[in-house]
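Subject: Structure for your files

Hello,

Here is the structure I said I would pass on.

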Amino acid sequence: MSGDHFLNENQIDCGSRVNDSHKHKEKYKEHKHKDHKKDKEREKSKHNNDYKDSSDKKHRDKEKEKMRHKDGSTDKHKDKHKESGKRKRLNLRMVKSKRRRKMALAALCMERDEDDVDFKPKKIKTEDDKKAKKRKLEDSKTKTKGKNKKEVADGKKKPKKEPEEKWKWWEEERYTDGVKWKFLEHKGPVFAPPYEPLPSRVKFYYDGKHMKLSPEAEEVATFFAKMLEHEYTTKDIFRKNFFKDWRKEMNAEEKSIITDLKKCDFTEMAEYFKAQSEARKAMSKEEKLKIKEENERLLQEYGFCIMDNHKERIANFRIEPPGLFRGRGDHPKMGMLKRRIRPQDIIVNCSKDSKHPVPPPGTKWKEVRHDNKVTWLVSWTENIQGSIKYIMLNPSSRIKGEKDWQKYETARRLKKCVDRIRNQYREDWKSKEMRIRQRAVALYFIDKLALRAGNEKEEGETADTVGCCSLRVEHIKLYPEKDGQEYVVEFDFLGKDSIRYYNQVPVEKRVFKNLQLFMENKESDDDLFDRLNTSVLNKHLQELMDGLTAKVFRTYNASITLQQQLKELTTADDNIPAKILSYNRANRAVAILCNHQRAPPKTFEKSMQNLQTKIDAKKDQLSDAKRELKSAKADAKVRKDEKTKKAVETKKKAVQRIEEQLMKLEVQATDREENKQIALGTSKLNYLDPRISVAWCKKWGIPIEKIYNKTQREKFAWAIDMADDDYEF
DNA sequence: GCCGCTACTTAGGAAACCCTCA
DNA sequence: TGAGGGTTTCCTAAGTAGCGGC
C-alpha cells in the first residue's frame, strides 16, 4: 500500500528556522544507547505498515455508548425523529437555560459577596452513585500511587484543594445550530499597566550626547532597549521598521535630531532593565509572595467567567501590552510598533442579561455585543496586520473541550473511509484533467507526509512560508534515482513559523511523472499546483466525507501513528520508566511526522554532560556494590551462619536498587538525547487523541500523571473520564 | 470563484515556577 | 539555603477554514 508515512530523520536534521542562528544545524546524531537503533528500525518498518491496519476493526467502544451526541456535523443530517427529539431537547434547554441564568447570577452574586475562592460549580447531571464512588476510589488510589504521594505524605507542597466534583460537560447535551452559550458574564480584560517613565539617572544618548526624550518617544525607545541583546535588533528589517515607527512617536525636535539609529545609545536603558529584572529575582520571599497574591487576586477577579451556570477559566484575560512586533522568520513587519490597546478599541461580548463589564473610569468600550454564536469574550483589532485578537476560554472549558472531542471524532470517521479516499486519489492521478491530477497529488502529500493545507498568503505582508497547496516549483527537486531508490522527491521549504521542512521521499512512479508534468515550462517561483488551492481541495474533501478538511488528515495520521507505535513499542515486561520511554518514542514518531521542532535548549550539552557524570558515578557505585556482594557471598560460604546470610541478602538488594537507579538514569539520557530538537508538546496537545494515551496508561498501570501534567489533565478531563483500557482510535 | 473578513486552532519561544542537590 | 536546571505556564504569532458579498 502506498500510504506509508515518510518519517525521515532528515526532517529534523535540517529543520531549522531560517536565519535562526541559535539553532544547531548539525546532524541528528545517531546516539549511543544500544537499543535505540533497533527501535528506530522498528519505528520505520512500522510506518511502512501504518496504513495496513487502517481498515476498520469495528471495535465497539464503550465510550461510544456513553456518547449521547456524536460529532455535530453528522447529526445535522440525521432523520426526522432525531430532529423532533432535538427540538424537544431544545425546548427543555430553554427552560433549563432560564433556570441556569438565575443560578448563574446567584453564583456570581455569591462570589462577589463572599469572595468565594473555592467555587464549586453546581453539578447539573451526575453519573450514578456506584460508578461515581468507584471512580473516586480509583482516583484517590492513583493519586497516592503516583507522584502525588509526596505531596500528600510530607505536606511540602500545598495540597491545593480541587473542587470535589468536576463538571462533566461531556455527559450533557450540546447546543445545536451554532449557539455557543445562553448566558455569559465576565469582568472584561485587564489592561497593560501604564508606562512608567525612566528615572532621570537613566540616560539616552544620541551621537554621544545625552538627550532627554519625550515620554512618548521614551516609551518606544525602552521597547528597543529591552530587546537589545536579542538577535532581532541586529536584523536590518527590524531596525528599519522600528526606527520608522519610533520616529512617528517623536516630537518635532526629536525628529530633527534623531535621524540615524546607529547613533542611538540605549545601553543605559538596557542595563536599567537588566538590573530591575535581577532585583526582581533577588526579592525577599515576602515581596515575592505579595506579588503572587496580587496576581492571584487579579486571576480570581478577571480570570473566570460564568458561562451557562458554570464558572469557567479564561485563557488570556490580559490585553497584550505594547511593544515591538516579533514576527518569525523573515517577517517583513518585524520591529514595527505594536500600539497600546485602550478601552475604546475593545469590543466586549456578553449576554444581555448579564452584568456587563465596566470600562476603566472615564473611558468607554468600542462596543458591547451579545453574540452567542461565537465563543470570544473580548476582541480588538491589532495594528500590525489589522487582524482581530480575542480573549477566549481556557482549554479545560466546556466550549473548547467539546470542540476538541469533536475534532478527534471527525478524525475517527476518516479512519473508516480513508481506504476509499486513498483509492480515489490514486485513480485521480490518471485523470485527463490537470486540476484533478494536481488535487490528487497534493492530497497524497497531505495524507502521506502530514503536510499542512497551505492557504494563500498576501505577498509582502508575512514571511514567505508555504504549505502543500502553495508549494512552488523551487521547493521540490525530482530525482529519477537517488541513493539506490527510484523516483525520489526532495522537499525543502519553510512551513509554519518559518520552520524548515526537509525530506527526501521515494514516491510512486505515477506521482513522480505527474510532478514532472506540473513543473513543465514553469519558473522556479511558479506554483507547483497552479490549478489548486485550499478551498478547492476542501470542497472536494467535503464531498468525500462530511466535515473532512485537509487538517483532519494530520489529526488522523498523528493519532493512528501513536496508537500503532504504542502497540509496537510497549513491552509487557518492561518497568514503568521503560514503558514511559516507549510512550515518548511513540510521541516522538508523531512529532517527527508533523515536523514539530524546537531549538535545542541552550543548556543541552551541559545537561547531557551532567547526566553522563551521574551515570558514571552510578556505575562505579554498582561495581563497588557487586564487589561487596561477592565478598559477602564468599564469607557466607565459609561461615554458614544466619548473620552472613542476611548480609548477602542486604547486599543483593543494594545491587538491585543501584541497577534500577542506573537504568532509570540511562533511560533518561536516551530520552533527552532523542528529544534534542523535537518538540513533543505540540502533538500531544493538538494532534493525539488523548483517549489513546489514557487507554494505554490504564492498560499498563501507568499513572496518568506520568504522561499528562496538571494542565494537560484538566484539558483532557473528558478523555480521562471516558476512555477505558480497550479504547481504539 | 474570488476576496475580505472573521473565528478559531496550532505553534515555538520566553518567562515563571519549582524541585533537587551540594 | 541558594544555585542550577528541568518543567510548566504564559504569550502571542501564524496557521486553517468558513462565510457572505459581489
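This is a predicted model: local features need pLDDT of at least 70, side-chain atom pairs count only at pLDDT 80 or more; totals for chains, interfaces and linings use all residues.

Annotated regions

UniProt, in an unreviewed entry, lists residues 324–701 as "domain: DNA topoisomerase I eukaryotic-type". In the model, this stretch is 51% helix and 11% strand, and its end C-alpha atoms lie 49 Å apart. A "coiled-coil region" is also placed by UniProt, again from an unreviewed entry, at residues 608–675. There the chain is 96% helix with 0% strand, and 12 Å separates the end C-alpha atoms.

Helix 13 with helix 14

Helix 13 covers residues 398–428, and its axis comes within 8 Å of the axis of helix 14, with a crossing angle of roughly 140 degrees. Angles over 145 degrees would count as roughly antiparallel, so helix 13 and helix 14 are classed as oblique to each other. The crossing of helix 13 past helix 14 is left-handed. On the helix 13 side the contact involves I421, R422, Y425 and D428; on the helix 14 side it involves I436, R437, R439, A440, L443, Y444 and D447. By class, the contact residues of helix 13 and helix 14 comprise six nonpolar and five charged, with no polar ones.

Helix 14 with helix 15

Helix 14 (residues 434–449) also packs with helix 15 (residues 509–519): the axes come within 11 Å and cross at roughly 125 degrees. Helix 14 and helix 15 are therefore oblique as well, and helix 14 passes helix 15 in a left-handed crossing. Helix 14 contributes M434, R437, Q438, V441, Y444 and F445 to this contact, and helix 15 contributes V511, N514, L515, L517 and F518. Eight of these residues are nonpolar, two are polar and one is charged. R437 and Y444 of helix 14 are listed both in the contact with helix 13 and in the contact with helix 15.

Helix 18 with helix 22

Helix 18 (residues 576–593) and helix 22 (residues 690–700) have axes 12 Å apart, at an angle of about 160 degrees. Because of that angle, helix 18 is roughly antiparallel to helix 22. Helix 18 passes helix 22 in a right-handed crossing. K579, I580 and Y583 of helix 18 meet S693, W696 and W700 of helix 22. In this contact of helix 18 with helix 22, four residues are nonpolar, one is polar and one is charged.

Aromatic pairs

How many aromatic pairs does a search of the whole structure find? There are 28. One of them is F224 with F266: the ring centres are 4.9 Å apart and the planes are at 45 degrees, so the pair is tilted. F224 sits in helix 8 (residues 215–226), whereas F266 is in the loop between strand 4 (264–265) and helix 11 (267–281). The two residues are 42 residues apart, and the pair links distant parts of the chain.

Regards

Methods: Residues are numbered from 1 along each chain as its sequence is written. Chains are lettered from A and ligands numbered from 1 in the order in which they are written. Side-chain values use heavy atoms; hydrogens and water are left out. Axes are lines fitted to C-alpha atoms, for helices over the stretch in contact, and angles run from 0 to 180 degrees between N-to-C directions. Helices (H or I, at least four residues) and strands (E, at least two) are DSSP runs, numbered from the N terminus. Angles under 35 degrees count as roughly parallel, over 145 as roughly antiparallel, 65 to 115 as roughly perpendicular and the rest as oblique. A crossing is left-handed if the near helix is turned anticlockwise from the far one by less than a right angle, and right-handed if clockwise. Contact means heavy atoms within 4.5 Å. Ala, Val, Leu, Ile, Met, Phe, Trp, Tyr, Cys and Pro count as nonpolar, Asp, Glu, Lys and Arg as charged, and the others, Gly among them, as polar. UniProt positions are given in the numbering used here, feature names are shortened, and annotations may be inferred rather than shown by experiment. Rings of Phe, Tyr and Trp (its six-membered ring) pair if their centres lie within 6.5 Å; planes under 30 degrees apart count as stacked, over 60 as edge-to-face and the rest as tilted.
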